[in-house]
Amino acid sequence: MEAKALRLPALLHGGDYNPDQWLDRPDILAEDIRLMKLAGCNAMSVGIFAWSALEPREGRFEFAWLDSVIDSLHANGISVILATPSGDCRCPLCVDAFRSWLRDRYGNLEKLNRDWWTSFWSHGFSEWEEIDPPSTIGETMLHGLDLDWKRFVTWRTIDFMEAEIAAIRAVSPDLPVTTNLMGTFEGLDYFELAEHIDVASWDNYAGWHGRGPRTSPWTAWDPEGRDWRLASEIGFVHDLTRSLKRKPFLLMESTPSATNWQPVAKLKRPGMNALSSLQAVAHGSDSVLYFQWRKSRGGFEKFHGAVVDHEGTEDNRVFREVAELGGRLAELADVAGTGTRAEAAIYFDWENRWAMEGAKGPRNDGLLGYKEDCLDHYYRLWRRSVTVDVVDRRADFSRYKLVVLPMAYMMRDDTAARLAEFVSLGGTLVGTYWSGIVDEHDLCRLGGFPGPLRPLFGLRAEEIDALYPDERRTLTMEKGNALGFEGSFESRHLWEAVRPEGAEVLARFDADLFAGMPAVCVNSFGKGRAYYLASRNDERFLDAFYASVLSEVRPARAWPDDLPEGVSATV
Amino acid sequence: MEAKALRLPALLHGGDYNPDQWLDRPDILAEDIRLMKLAGCNAMSVGIFAWSALEPREGRFEFAWLDSVIDSLHANGISVILATPSGDCRCPLCVDAFRSWLRDRYGNLEKLNRDWWTSFWSHGFSEWEEIDPPSTIGETMLHGLDLDWKRFVTWRTIDFMEAEIAAIRAVSPDLPVTTNLMGTFEGLDYFELAEHIDVASWDNYAGWHGRGPRTSPWTAWDPEGRDWRLASEIGFVHDLTRSLKRKPFLLMESTPSATNWQPVAKLKRPGMNALSSLQAVAHGSDSVLYFQWRKSRGGFEKFHGAVVDHEGTEDNRVFREVAELGGRLAELADVAGTGTRAEAAIYFDWENRWAMEGAKGPRNDGLLGYKEDCLDHYYRLWRRSVTVDVVDRRADFSRYKLVVLPMAYMMRDDTAARLAEFVSLGGTLVGTYWSGIVDEHDLCRLGGFPGPLRPLFGLRAEEIDALYPDERRTLTMEKGNALGFEGSFESRHLWEAVRPEGAEVLARFDADLFAGMPAVCVNSFGKGRAYYLASRNDERFLDAFYASVLSEVRPARAWPDDLPEGVSATV
Amino acid sequence: MEAKALRLPALLHGGDYNPDQWLDRPDILAEDIRLMKLAGCNAMSVGIFAWSALEPREGRFEFAWLDSVIDSLHANGISVILATPSGDCRCPLCVDAFRSWLRDRYGNLEKLNRDWWTSFWSHGFSEWEEIDPPSTIGETMLHGLDLDWKRFVTWRTIDFMEAEIAAIRAVSPDLPVTTNLMGTFEGLDYFELAEHIDVASWDNYAGWHGRGPRTSPWTAWDPEGRDWRLASEIGFVHDLTRSLKRKPFLLMESTPSATNWQPVAKLKRPGMNALSSLQAVAHGSDSVLYFQWRKSRGGFEKFHGAVVDHEGTEDNRVFREVAELGGRLAELADVAGTGTRAEAAIYFDWENRWAMEGAKGPRNDGLLGYKEDCLDHYYRLWRRSVTVDVVDRRADFSRYKLVVLPMAYMMRDDTAARLAEFVSLGGTLVGTYWSGIVDEHDLCRLGGFPGPLRPLFGLRAEEIDALYPDERRTLTMEKGNALGFEGSFESRHLWEAVRPEGAEVLARFDADLFAGMPAVCVNSFGKGRAYYLASRNDERFLDAFYASVLSEVRPARAWPDDLPEGVSATV
């Protein structure tokens with residue numbers, strides 16, 4: 001599928017607009033236009049909550065009000081974005097569809113039973129109809145079923161989306177299509193989904209000015225409230241969204257001030273809205289769009305931030321800040337449509353995540369930390385202003401000089417082969433513990449971990465040990481090691497017993513179970529190198545490690561010098 | 001409805017009595033009478049758990065044992081209180097009743113859709129039959145529906161209660177009727193319900209001698225276990241219960257010692273039962289009644305405190321303390337039926353609470369603190385022995401010199417008008433942040449907060465910001481301000497940006513988002529004054545603030561001088 | 001029933017073996033035999049997960065593969081253990097069975113209503129069909145129902161097990177039968193169940209090297225990770241399992257390294273597997289068996305420890321340690337079948353536990369601590385290398401010199417009589433607070449606690465008070481008391497007001513509610529003594545107390561001298 005282009009003359013500025021809530025107040029609809037111009041807004045998303053206004057009774061449609069709103073916006077030079085819904089379904093139709101999907105995938109039950117390893121706990125299926133979706137009241141411990149159900153949900157969501165796209169294409173063949181993604185939402189493989197839309201977009205509700213323990217993706221990364229750790233995490237999501245289509249994306253929703261459903265609905269401080277909006281643009285967004293233009297009088301989000309408050313005038317701090325940003329975005333019109341060239345990539349793969357987090361061990365109850373690991377590595381690149389793509393198993397690794405591969409638990413043979421080719425041609429790979437454990441069926445690799453990556457890293461991983469949250473181990477750099485830095489560092493959570501099979505040992509563990517065994521290795525493979533970190537190490541280590549690796553590899557950076565902590569440059 | 005009078009010759013002393021558990025032990029029933037006299041008991045509640053003893057099979061009734069018990073009590077000079085059940089129901093009949101109730105209330109669906117703001121998230125109803133009660137498996141985010149369902153539950157409970165009352169009235173037209181209220185139970189609007197009974201009563205299971213964090217209404221207020229904070233909270237509930245009918249109430253249940261279902265079932269220390277019982281009497285109770293007279297041998301509350309233990313004799317500490325209290329209550333017979341005249345009132349409104357706690361923002365997950373705010377303000381009056389009524393939107397404010405109005409989020413036009421009249425005639429009003437936000441349909445006020453209270457407080461509230469649990473802001477009193485005290489104080493949880501429109505600024509915030517903006521204001525309105533607190537302030541502030549306000553307003557106090565912390569006088 | 005004997009020529013060494021997962025890999029099945037010999041394994045449990053391999057379709061059985069596996073093992077000198085399933089069921093058939101069981105037990109509803117005290121909260125039953133199992137959507141607060149349901153579940157489990165045993169007996173009359181018990185699993189009365197099997201066995205998944213708060217039976221006992229407290233707990237379970245049949249038992253499952261489903265799946269450190277395995281043997285196990293022989297490629301436990309890893313060779317730490325242990329077990333062949341003679345016993349009764357933990361008060365939400373109390377007392381015996389049986393109400397107490405009876409809340413008349421006889425003939429009994437409260441119907445004893453034990457302990461318990469987690473009280477030993485030690489000690493959680501009726505007071509509480517009342521008493525009863533501890537005391541007290549009691553009673557010890565803390569000898 002060839003993607004339809006956006007072709008924007010300027011950056012979009014605006015947000016979700018719900019005139020259907022104010023159809024009996026033409027004075028307010030008129031005031032909206034005046035205020036939009038005052039706020040420097042040139043784009044509005046309409047129809048998001050309008051289903052019942054568009055089809056008030058089954059089969060009775062009313063489009064007149066929408067036509068009128070669109071005409072009015074158009075007459076005032078404001079572009080329009082349109083919308084619709086979806087969700088996770090376990091109705092009998094979807095269960096049937098799941099079974100058909102499995103039948104297409106496996107052909108026969110013998111293969112399915114084999115690939116799902118149903119002999120464990122005597123789970124064998126003798127009829128397709130015996131297979132139900134994973135459920136807390138049914139089967140939840142069959143990893144193959146869990147994984148395939150997640151794959152199916154992505155497939156079915158795309159199927160539904162394609163039906164909607166076809167209806168649009170029938171009347172407007174060149175209209176670009178997007179869907180509101182939700183950052184790193186676990187439930188859908190966004191790389192798969194991205195192949196079916198023209199433009200990627202996402203809704204950013206980052207919890208700026210947050211503090212306290214990290215309890216959700218929307219609360220602050222750092223217990224001390226240093227917003228730059230959260231800024232780095234949001235940078236990761238921007239880069240991920242941009243990487244989905246490898247071109248500019250849209251920031252489809254964000255809040256001008258409070259996000260009312262967070263535990264503590266803190267207001268954005270002066271300047272924060274401009275800062276977070278321009279961060280999106282710097283990472284490749286061609287828009288700054290808000291939820292919402294005007295606060296509704298009722299409903300779940302009546303206290304969510306908006307450009308126009310219940311009070312209704314321009315005389316307030318939030319409106320003034322939005323309007324000022326509108327002016328600055330207008331000055332940046334030339335930025336629209338411009339791209340970025342990354343020479344470093346982080347591997348973040350949905351199937352890997354599903355499989356690893358669905359398994360039992362070596363740490364459970366959300367303690368595994370896959371995404372946290374990706375963010376930790378990303379942060380070291382972000383703080384050195386390295387331009388980064390976020391990629392999955394489908395990537396063309398040859399585009400990059402450096403690929404970071406944290407916890408590559410599920411590793412397909414072909415991905416491993418392409419990574420080996422990337423390194424052999426001169427690339428640098430950074431991998432970690434708990435890699436190469438299962439194949440694409442979630443079956444453990446026999447013959448020694450990290451499975452197909454074993455020759456590439458030049459080692460065998462014998463055992464992995466889990467640590468309690470407050471436990472630490474230490475590693476010490478070998479004298480005169482190739483990384484060029486020395487000293488001792490701390491490890492936490494997970495550490496592995498590794499036996500070199502050609503790799504050079506750069507650091508060793510100091511004590512306990514794996515005393516004296518390698519903690520950091522590097523393997524020369526063809527013209528390139530593959531580093532292997534056998535434990536989850538502290539920030540001091542990662543900082544020193546990437547300082548060394550980057551000085552060697554030299555991928556493209558937005559700013560050539562190191563900046564103070566908390567500051568990153570992005571192009 | 002004219003309320004039937006209690007006409008008690010003495011304070012009631014006694015409790016729940018379950019002779020139906022001991023019908024095969026006439027020796028125990030006889031012993032009960034001897035012990036009741038020994039304990040100075042003159043009233044027993046019977047029939048509470050007796051349904052299956054009274055109707056052992058559908059339609060077969062056995063009243064003989066009850067007649068015999070009542071005769072025996074009567075012959076020994078002991079009065080009798082009788083009882084029955086109720087609950088929250090979502091059966092098809094109740095769902096139909098809900099729809100009819102809505103139809104009566106709204107007339108047509110257009111008005112209902114408008115008042116519930118169903119356009120948000122496309123929730124519009126096109127048939128009455130589409131409306132179901134709020135449910136975790138259905139609709140939970142439609143605030144108007146939530147609010148009306150709560151109103152309906154109160155209405156239906158009254159309807160059921162009225163049917164029971166009618167049956168009683170048919171045979172005993174002058175018998176006063178009550179129902180066991182549960183303090184500040186969220187689920188029923190007790191002010192509404194009180195209009196349908198003759199006497200208010202409640203069950204007090206305060207967690208005396210408690211400590212640790214406050215996890216429920218029954219655990220201690222104070223992390224250090226200072227029981228006087230809990231005493232003040234219980235004082236609030238006593239005052240609330242007395243205010244429901246504006247006359248003496250009944251303490252219908254309390255424990256003589258342990259409450260067995262609390263996490264830690266601590267015994268009442270020597271004297272605690274007398275102290276907590278006399279507190280009730282001082283606040284207007286005409287009774288001290290216990291759950292339970294005698295411990296049952298089995299069942300969920302077999303270890304709940306009782307006057308008579310499993311051991312069965314009078315030879316134990318608890319019995320001796322109850323008997324001693326019986327003697328003291330007999331000496332206080334003249335107190336029965338006497339009233340209290342309050343000149344200060346705290347506004348505590350169930351609809352306001354439902355709407356505010358049902359909304360999302362500015363703090364969620366139980367962090368809003370409406371009731372806690374009411375208790376904080378009440379404590380400052382309680383510790384100065386000010387006699388206080390607890391009132392809601394129905395109150396005649398002209399009875400008072402001082403009305404405290406914490407977080408009046410839902411404010412009807414007519415209540416606002418009556419508050420304005422109260423102030424204009426010389427009354428003093430103390431209001432706070434997050435007031436005047438929605439109307440009675442839970443729809444946000446347009447045109448600026450605090451909506452209809454804006455002229456009364458002489459200001460506009462522009463933004464409200466939420467703070468994390470450990471965050472604090474400071475405010476500093478203006479030099480020579482009208483309250484007559486100076487210094488800096490801390491705010492927490494919530495603070496608001498306020499713009500004076502005639503109000504005088506008494507204090508300002510020191511730093512961060514609202515630096516320099518007003519923290520405390522007062523507005524002269526007619527002959528009176530309206531104070532506005534723009535943030536939730538610390539105890540030091542409230543103490544100084546109320547010392548100043550009370551010295552000006554001089555409402556009736558039970559003791560003219562300030563007493564040491566932890567001591568309060570009540571009449 | 002006469003139990004079938006095991007007659008083992010050596011200690012069993014081996015584990016769960018699932019060749020059904022590898023039927024398409026004859027090379028692996030052959031390799032298994034080679035590795036088993038290398039690891040010193042002489043026993044394998046087969047068929048555990050094999051149902052779907054044995055009956056791939058309803059009614060179609062395939063035994064050929066199993067025959068072949070058993071033949072191959074046999075040919076190589078490896079013994080075989082076979083297996084099957086069960087569970088908690090509330091299907092209509094089981095509900096009917098429950099009603100029949102109740103009808104048999106009670107004869108008529110009058111007796112059932114009486115014994116269950118259904119008059120409380122008006123729960124009376126007028127038809128057998130009205131009785132349903134306890135359920136969170138039905139009845140959960142009828143203690144008599146709860147207790148009888150638990151009794152019934154044990155009965156029904158035995159009934160099912162007997163049916164399976166009968167099928168085996170029909171072909172192999174002399175084959176000994178066992179079932180995998182789970183330590184102190186709450187749901188089944190193992191003493192009852194043990195009467196229907198030949199050999200007791202259990203699965204030990206102790207969380208060695210654990211730390212942090214104790215959150216489940218499988219995490220470490222001690223917040224500082226001192227494994228010997230956990231070792232003592234596991235010793236208790238070994239002793240319990242041995243006591244069930246009063247002869248050697250089997251350690252049926254254990255892990256050679258990680259337990260993958262624990263929150264943190266820590267590896268067993270070098271030597272830990274040998275240590276924990278030999279502990280089992282020292283306590284009377286005739287086997288060391290693992291879950292699992294070889295790691296499966298898929299399934300819930302694919303990362304659970306195993307003798308053979310995914311890698312598949314003998315070249316790793318875990319395999320080497322298992323093989324080394326195999327050699328040591330072979331040297332201990334003479335130990336198989338040998339027994340132990342205990343002169344001290346701890347009373348641990350399932351019905352008592354069900355009743356006590358099902359009741360409300362004096363501490364709830366899992367704060368009662370019955371099992372913890374048993375472990376605390378056991379630890380004092382364990383650290384002095386005293387050989388201990390764990391017994392319940394069925395025990396012949398005359399076998400012992402010392403019986404420890406913590407929290408004997410449910411005490412039947414006949415058990416009390418046998419305990420009195422035991423003491424009167426010279427035995428020493430140690431009892432505690434919260435004893436003798438209910439009879440076998442869970443009905444409170446009238447006339448004073450500890451009910452039937454009152455003459456034996458020579459005192460009456462008047463009140464029990466609960467303390468908050470951080471609260472402490474102190475007790476001081478009487479000058480020149482019979483225990484021969486002095487000083488002050490701390491109490492926590494629970495303390496009781498006790499009035500001596502013949503008992504001698506050895507210590508008194510210092511302050512608060514029970515100041516001056518007895519904290520420790522001893523009563524001379526016939527030729528023996530009964531100690532009563534009125535509070536849960538600190539380790540210092542228990543240590544001094546048992547030092548004194550043991551020096552007097554002198555029960556059999558595996559080592560005559562006191563060993564350093566953390567070291568215990570066992571025979």
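Predicted model: local features only at pLDDT ≥ 70, side-chain atom pairs only at ≥ 80, totals over all residues.
Ser385(C) sits in the loop that runs between helix H12 (370-382) and strand E9 (388-391) of chain C, and this residue, although not a glycine, has a positive phi of about 60 degrees.

**Backbone features in loops**

- Most residues other than glycine have a negative phi, and most peptide bonds are trans.
- Ser385(C), with its positive phi of about 60 degrees, counts as buried because its relative accessibility is 1%, where buried means under 20%.
- Asp365(A) is another residue other than glycine with a positive phi, here near 55 degrees, and Asp365(A) is placed in the loop between H11 and H12 of chain A.
- Asp365(A) has a relative accessible area of 58% and is therefore exposed, the cut-off for that class being over 50%.
- The peptide bond that joins Gly361(A) and Pro362(A) is cis, with omega at about -5 degrees, and Pro362(A) belongs to the loop between helix H11 (350-358) and helix H12 (370-382) of chain A.
- In chain B, the bond from Gly361(B) to Pro362(B) is likewise cis, with omega near -5 degrees, and Pro362(B) is found in the loop between helix H11 (350-358) and helix H12 (370-382) of that chain.

**Fold and dimensions of chain A**

- Chain A contains 15 helices and 18 strands, and its C-alpha atoms fill a box of roughly 75 × 60 × 40 Å when taken along the principal axes.
- The radius of gyration of chain A is 26 Å, which agrees with the value near 25 Å that a compact globule of 571 residues would have.
- Of the 571 residues in chain A, 60% are buried, and among the contacts with a separation of 6 or more, 71% are accounted for by residues 24 or more positions apart.

**Surface and charge of chain A**

- The accessible surface of chain A comes to about 21400 Å², and carbon and sulfur atoms hold 54% of that surface.
- Chain A carries 64 positive and 87 negative side chains, and the centres of these two sets lie 3 Å apart.

**Interfaces**

- The size of an interface is often given as the accessible area lost when the parts come together.
- Between chain A and chain C, about 3900 Å² is buried, with carbon and sulfur atoms giving 53% of that area.
- In chain A, the residues that lose the most area to chain C are Trp117(A), Phe120(A) and Tyr468(A), which together make up 18% of what that side buries.
- The contact between these two chains takes 49 residues from chain A and 43 residues from chain C.
- Between chain B and chain A, the buried area is about 3900 Å², of which 53% comes from carbon and sulfur atoms.
- On the chain B side, Trp117(B), Phe120(B) and Tyr468(B) lose the most area to chain A, together 18% of what that side buries.
- This contact takes 49 residues from chain B and 43 residues from chain A.

**Surroundings of one helix residue in chain B**

- Ala323(B) lies in helix H10 (residues 317-331) of chain B and, leaving aside residues up to four places away in sequence, touches Leu38(B) and Ala39(B).
- Ala323(B) and Glu192(B) are 131 residues apart along the chain, and their C-alpha atoms are separated by 37 Å.

Methods
Residues numbered from 1 in each chain as written. Chains lettered and ligands numbered in written order. Heavy atoms only, no water. Helix = DSSP H or I, 4+ residues; strand = E, 2+ residues; numbered from the N terminus. Rg over C-alpha atoms; globule rule 2.2 N^0.38 Å. Buried < 20%, exposed > 50% of the residue type's maximum accessible area, 1.4 Å probe, protein only. Contact = heavy atoms within 4.5 Å. Areas by Shrake-Rupley, 256 points an atom, 1.4 Å probe, with all protein chains shown as cover. Lys, Arg positive; Asp, Glu negative; His and termini not counted. Charge placed at Lys NZ, Arg CZ, Asp CG, Glu CD. Buried area = accessible area lost by both parts, 1.4 Å probe.
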